[in-house]
Amino acid sequence: MLGLLVVMVWALMERYERDLDEARDKTLAHGELVAEWATGAFTSIDNTLSGLANLFALSLEGGDRIDEPLVEAFETLVSQRQRNLPFLDAIGIIGHTGDTLYSTGSPGFPGHDAGERAFIRDFLQSPEAALESVYWDPEAGDHRMLYLRRMFDAEGRFTGVAAARLDLFFFTHALQRIQLGAGESIAFIDSDMRLIARRPGVQGMSATEALGMTVDAPAVAEVIDEPNGHTVILTSPLDGDRRIFGISRLEGLPFSVIVGHSTASVLADWRQKVMVLTLGWLTIAVLGLFILLHYLRLSRTEADLHRSEEQLWEINRSLQAELRIADMAFDTHLGMFITDAQGIIQKVNRTFESITGYGAEEVLGRNPRLLNSGRHDAAFYRDMWTTIHSRGSWQGEVWNRRKNGDTYPQWVTISAVRTDSGETTHYVATLSDMTLRRAAEQEAHRLAFYDPLTGLPNRRMMLDRADQAIHKARHSEHQGALMFIDLDGFKHINDSLGHQQGDELLQRVAERVAEASRESDLVARLGGDEFAVLLEDLGGSIDEASKVAERVASKLLGSLAEPFRLGVDRYQLSGSIGITLLDDGSQSVEDCLQQAEMAMYQAKQAGRNTLRFFDPVMQAVAVRRAMLESDLRQAVSRDQLRLFYQPQVDERERITGVEALLRWEHPDYGMVPPGDFIAVAEESYLIVTIGAWVLETACRQLARWSSEPDKAGLTMAVNISPHQFQQPDFVADLEAILDRTGARPQRLKLELTESVFMEEPDVAKATMNRLRAMGIRFSLDDFGTGYSSLSYLNRLPLDQLKIDQSFVRTLFKDPANRVISASIISLGSNLGLEVIAEGVETQAHCDWLAEHGCTAYQGYLFARPLPLEALTALLERSTCAAGH
Ligand SMILES: Nc1nc2c(ncn2[C@@H]2O[C@@H]3COP(=O)(O)O[C@H]4[C@@H](O)[C@H](n5cnc6c(=O)[nH]c(N)nc65)O[C@@H]4COP(=O)(O)O[C@H]3[C@H]2O)c(=O)[nH]1
């Protein structure tokens with residue numbers, strides 16, 4: 001549009017200039033035409049005057065006398081000329097003296113007034129041939145023009161002046177005959193810018209008034225005397241119109257013709273064009289603008305549309321995403337269903353189907369009531385709906401029924417979907433099947449509070465319950481009791497059987513303990529072979545409570561003493577039970593458990609398979625036991641250990657050797673038997689150091705005896721604890737001891753228990769073989785109390801079986817012991833092993849054993865374990881089979 005405007009402006013400017021140029025040319029041409037006519041008119045006057053002058057000169061008869069006939073002719077000519085030249089107002093002849101010789105005009109013409117006279121006098125003085133002037137004629141009351149021409153005679157002598165007075169209206173009339181277009185003007189002015197004629201007339205003035213007026217137009221005045229035509233554009237001082245004026249000078253005359261073309265009419269076309277073009281441009285501009293606006297609007301709309309489209313797309317995308325999320329959320333591990341406001345199921349998810357067993361098609365359009373299990377009453381559902389209506393949602397546990405009829409607990413949340421105005425449109429319900437959760441909770445609970453092997457409550461649960469019971473006992477009259485049960489000999493069996501069977505045995509034990517207990521009692525497995533039973537509501541008095549507790553414990557002992565069957569094998573077990581009463585509830589649960597445990601130890605010490613009530617004395621024993629351990633740590637370094645020796649005899653009661661038995665000479669407690677500290681030493685692994693000391697001491701003694709002929713054949717049996725035997729350096733250490741002491745390994749007899757072979761039989765066997773290679777002998781101690789597997793007896797480098805003193809001592813009290821003892825003797829003889837019986841206290845024992853083939857004995861019947869001095873004395877007086 002701007003380009004078009006530039007082109008248009010350029011074209012219009014060009015057109016403007018052209019139109020003006022054309023108008024200039026036209027005004028000039030027009031002016032020149034008029035100037036030509038005017039010049040012609042003046043030429044006629046000049047001709048006329050010169051004709052008259054010549055004729056007049058002829059008419060003068062020498063001097064100033066006028067020849068009449070010529071005067072007639074002259075007058076005829078004058079009147080003829082006046083007829084032909086209507087503007088010729090008057091003609092006069094002035095003699096060279098200045099007198100008027102002839103005049104057709106008013107008297108005195110020419111020169112009757114001062115103006116004329118001055119003009120004529122100036123002319124006479126000047127060299128000009130002709131002269132004209134415009135002046136005001138007061139008589140005529142208008143402007144006149146005086147035209148003067150010199151006259152000469154035939155000889156060329158100046159004869160006078162011919163004068164013609166012109167009526168300037170002539171020009172006005174002449175101009176009136178010229179057709180003027182609109183806005184055109186035409187005027188005559190003289191060289192003094194006096195107006196001689198003008199068409200159209202001057203506004204507000206008569207033609208007479210206008211004549212002779214000076215035109216105030218400096219631009220014109222500047223060029224008026226120029227011989228060539230000029231054009232100027234200015235606003236006419238006469239009528240105020242703006243025109244292009246063409247100024248054409250009349251040749252040889254002091255007049256100019258000024259033709260004016262109003263710029264309005266000259267540029268009318270141009271203006272029209274401007275208008276048309278402007279209109280056109282405006283139209284185009286408006287149209288363009290409209291189109292542009294339209295285009296912009298379209299673009300904007302398009303952009304808006306695009307934006308909207310993008311927004312829509314974005315919304316659509318996020319809606320899709322939301323839908324996907326909603327779908328995913330809907331397809332969650334929670335069962336979900338949506339109902340309308342009337343509670344009719346509209347949608348369910350897959351989890352709903354899997355939880356309830358109903359397919360979507362079976363429930364859509366139905367009421368969730370079909371899930372009701374019947375476990376909740378109407379009030380439950382009423383409360384639920386009241387909450388939903390008031391709070392917008394409800395959650396809680398609901399028992400529902402699956403399609404297959406199973407009822408199950410589930411956690412249900414129901415939320416009302418409401419519009420902004422609060423109108424409920426839907427309900428959304430989520431169901432989470434709590435069956436698995438319950439199971440998981442139960443499992444976690446089971447793991448936390450139950451023993452995985454036996455299924456019995458574990459120590460933690462027992463402590464919890466006991467704690468509650470203690471509180472209860474504190475606030476009620478009813479007593480409670482806690483029983484601590486430890487199986488006798490289980491460790492041995494477990495070691496012999498292997499852990500799997502040991503576990504099975506524990507399960508059986510657990511069943512027995514549970515069966516022997518009352519429904520209301522809590523039976524727990526504390527760990528290992530330890531069980532506990534919590535008894536509550538045992539009555540108001542301690543006596544009564546003790547009785548009931550004792551009855552239950554006795555029943556338990558009886559039950560445990562029954563043989564256990566594992567596959568085809570039978571096993572005999574027993575239990576030691578410690579009981580403590582919760583009496584006034586002042587004790588903590590830990591204290592109670594500790595008391596029961598102590599009581600259990602008391603039971604153990606009382607020979608096992610029995611029960612004991614907690615007694616404060618036990619407490620002291622336990623304290624002593626703890627102190628023992630700490631003292632025992634220093635026993636070796638403080639030289640408090642001693643070796644006693646108990647003789648071993650043959651069938652002729654000759655001493656064949658001794659068993660080294662450890663004693664601890666405690667500064668406070670005196671001589672402490674190994675039964676009191678060996679277990680502590682084993683538990684604390686002090687037995688390894690102590691055992692080494694025993695071996696070294698025994699070997700030294702053995703070496704001493706070897707130099708005494710009557711004792712050189714004595715054997716030295718040394719108890720080796722399993723921990724000690726399993727030390728990796730055991731063989732090397734023993735070898736070093738033998739080297740150091742100089743003892744003969746053939747005289748050394750290591751007493752091992754069966755448990756040594758249980759854990760790693762091959763390693764034990766290899767160790768034994770290495771020792772055997774050195775000449776050391778082996779005796780299997782406590783034989784008969786453990787598993788006594790025959791399979792290893794002939795695979796191991798054993799020399800001797802030792803019947804445990806528990807069988808021997810009670811040989812005549814329990815026939816089973818006799819059977820066992822006899823079996824061992826026969827087994828030994830079958831395997832080529834020597835059998836020694838320990839615990840031989842009476843001659844009857846000895847005889848019975850001898851009768852059954854036993855050839856070696858140890859026991860109080862022959863000697864108690866003795867300090868070296870006593871042993872030496874005994875050896876001195878006894879027959880020593882090992883002598884010589
Ligand atoms: N009632 C009665 N008892 C008899 C009779 N004859 C022997 N005894 C006792 O029976 C135990 C035999 O030792 P053990 O079976 O190896 O049993 C030993 C042994 O297992 C262990 N022990 C003793 N000394 C050591 C040792 O130096 N090292 C290791 N590791 N254990 C040892 O301590 C246990 C007990 O030793 P002690 O108290 O000395 O008890 C000894 C002995 O005094 C009898 O006729 N009647």
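The second largest cavity is lined by Ala469, Lys472, Ala473, His478, Gln479, Gly480, Glu536, Asp537 and Leu582. A cavity here is a set of points on a 1 Å grid, laid over the protein atoms alone, where a 1.4 Å probe fits but cannot get out, and a lining residue has an atom within 4 Å of a point. This one has a volume of about 50 Å³, with volume taken as the space filled by probe spheres set on the points, which are joined across faces, edges and corners. Its lining splits into 3 nonpolar, 3 polar and 3 charged residues. For that sorting, Ala, Val, Leu, Ile, Met, Phe, Trp, Tyr, Cys and Pro count as nonpolar, Asp, Glu, Lys and Arg as charged, and the others, Gly among them, as polar.

Before going on, keep in mind that this is a predicted model, where local features need pLDDT of at least 70, side-chain atom pairs count only at pLDDT 80 or more, and totals for chains, interfaces and linings use all residues. Residues are numbered from 1 along each chain as its sequence is written, and side-chain values use heavy atoms, with hydrogens and water left out.

Searching the whole structure turns up 4 cavities of 30 Å³ or more. The largest cavity comes in at about 150 Å³. It has 14 lining residues, and the closest to its centre are Ala187, Val215, Leu238, Phe245 and Ile258. Strands S8 (184–190) and S9 (195–199) each supply at least two residues of that lining, and S8 gives the most, with 3. Strands (E, at least two residues) and helices (H or I, at least four) are DSSP runs, numbered from the N terminus. The lining of the largest cavity holds 11 nonpolar, 2 polar and 1 charged residues.

Now for a pocket, which is an open set of grid points with protein on both sides within 12 Å along at least five of seven lines. The second largest pocket has a volume of about 400 Å³. Of its 19 lining residues, Pro368, Arg369, Met384, Trp385 and Ile414 are the closest to the centre. Helix H11 (378–391) supplies at least two lining residues, and so do each of strands S13 (335–340), S15 (393–401), S16 (407–418) and S17 (424–433). The lining has 12 nonpolar, 6 polar and 1 charged residues.

Those strands also pair with one another, where pairing takes at least two DSSP bridges. S15 and S16 run antiparallel, joined by 9 bridges, and Arg401 stands opposite Thr407 in S16. Their hairpin has 5 residues between the strands, and Gly405 takes a positive phi near 95° there. Next, 9 bridges join S16 to S17, again antiparallel. Val412 has Leu431 in S17 as its bridge partner, while Thr413 stands opposite Thr430. In the hairpin of S16 and S17, Gly422 takes a positive phi near 95°. S17 also runs antiparallel to S13, with 6 bridges, and Met336 has Thr430 as its bridge partner.

Finally, look at two packed helices. H20 (residues 686–706) and H22 (residues 730–741) pack at an angle of about 35°, with their axes 9 Å apart. The axes are lines fitted to C-alpha atoms over the stretch in contact, and angles run from 0 to 180 degrees between N-to-C directions. Contact means heavy atoms within 4.5 Å. On the H20 side are Ala692, Leu695, Glu696, Cys699, Arg700 and Ala703, which meet Phe730, Leu734, Ile737, Leu738, Arg740 and Thr741 in H22. The residues of this contact divide into 8 nonpolar, 1 polar and 3 charged.
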